[in-house]
Amino acid sequence: MSATHTHSGRRISPIFLGLLAVTGVSAWGVWAGFAAQPGFAVFLFVTSAWIVSLCLHEYAHARTALHGGDISIGAKGYLTLNPFKYTHALLSIVLPVLFVILGGIGLPGGAVFIERHRIRGRVKHSLISAAGPLTNAVLALVLTAPFWLGLLDGTPVAFRCALAFLAMLQVTAAILNFLPVPGLDGYGVLEPWLSHKVRRQVEPFAPVGLIAVFACLWIPEVNAVFWNGVDSVMSALGVSEAETHFGLEYFRFWEGDPEFVVIPD
């Protein structure tokens, strides 16, 4: 492999830089309130920032795998942060954004294909799987820092609610990804510590693991437990349920911006 090819495999993708630009411009638009109805700007801000977080999630897997021993990662383009390199455009971008629109849930996005035989040691395998959802958890902490540090006095309501909703997406993504279900990162953390027999028995269920999780979320009792858990985490991070609710309301700009936004002190 040539040095030029190796370098190009690690250069940040212009697509990712474009996503960052859209995120920044739309965030400014929400903050500045240049439109009478800021919903579309909120939609652009949250959507672009969410795709950025999906890229960072997969990048974390890839970077950890590289340091763990899989030197093929760079050639696959996983270190460029290009969302189109993470498996499939439909799975990596369209479906996650669709689930945000439909239910305000941070769907785990794409995947990086790691040559596991190159990785030595169960701890390294577990760390590779944990790196993605840990990235979502860190992003949730960063996005909610203004809330729990009390830095939001005078902040435009639309921006505050958009930030809260974006943070909630990170929390839901971290929780879902850490579930010990085949096909999700939580199972990947546990898998190296399971016996070969158990892994062989579980392996056929990996392709339907995520589908099974979302099917369970349609069960009212399970759905209530999930969202109560999410609300508890957000509350602990200083974000009220009202802020995330109105963040979703602004995000769905096609339904019209909320007429009255009441944020409790």
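Tutor: Let's start with a term: a residue is buried under 20% relative accessible area, exposed over 50%, and partly exposed in between (1.4 Å probe, protein chains only). Keep in mind that this is a predicted model, where local features need pLDDT of at least 70, side-chain atom pairs count only at pLDDT 80 or more, and totals for chains, interfaces and linings use all residues. Residues are numbered from 1 along each chain as its sequence is written, and side-chain values use heavy atoms, with hydrogens and water left out.

Student: Okay, is Cys 161 buried or exposed?

Tutor: Check its relative accessibility, which is 0%. Buried means under 20%, so Cys 161 counts as buried.

Student: And what about Cys 216?

Tutor: Its relative accessible area is 36%.

Student: How many disulfides does the whole structure have?

Tutor: A disulfide is a pair of cysteine sulfur atoms within 2.5 Å. Searching the whole structure for such pairs gives a count of zero.

Student: How many helices are there in the protein?

Tutor: Helices (H or I, at least four residues) and strands (E, at least two) are DSSP runs, numbered from the N terminus. The protein has zero strands, and its helices number eleven.

Student: Which residues does Thr 47 touch?

Tutor: Thr 47 sits in helix H3 (residues 39–68). Its relative accessibility is 14%, so Thr 47 counts as buried. Contact means heavy atoms within 4.5 Å. Leaving out residues up to four places away in sequence, Thr 47 touches Val 97 and Phe 251.

Student: How many residues of helix H11 are buried?

Tutor: Helix H11 covers residues 241–251 and is mostly covered. Its buried residues include Ala 242, Phe 246 and also Phe 251, the residue that Thr 47 touches. The count for H11 is eight of its eleven residues.

Student: Which residues make the nonpolar surface patch?

Tutor: Like charges are joined within 9 Å, and nonpolar side chains (Val, Leu, Ile, Met, Phe, Trp, Tyr) within 5 Å. Here the patch is about 430 Å², by the Shrake-Rupley method with a 1.4 Å probe, where for residues only the protein chains shown count as cover. Its members are Leu 141, Trp 148, Leu 149 and Leu 151.

Student: Where is Leu 151 found?

Tutor: At 57% relative accessibility, Leu 151 counts as exposed. Its place is the loop between helix H5 (122–148) and helix H6 (157–177).

Key: Patch = residues over 30% accessible without salt bridge, like charges linked within 9 Å, V, L, I, M, F, W, Y side chains within 5 Å. Salt bridge = Lys/Arg side-chain N within 4 Å of Asp/Glu carboxyl O.
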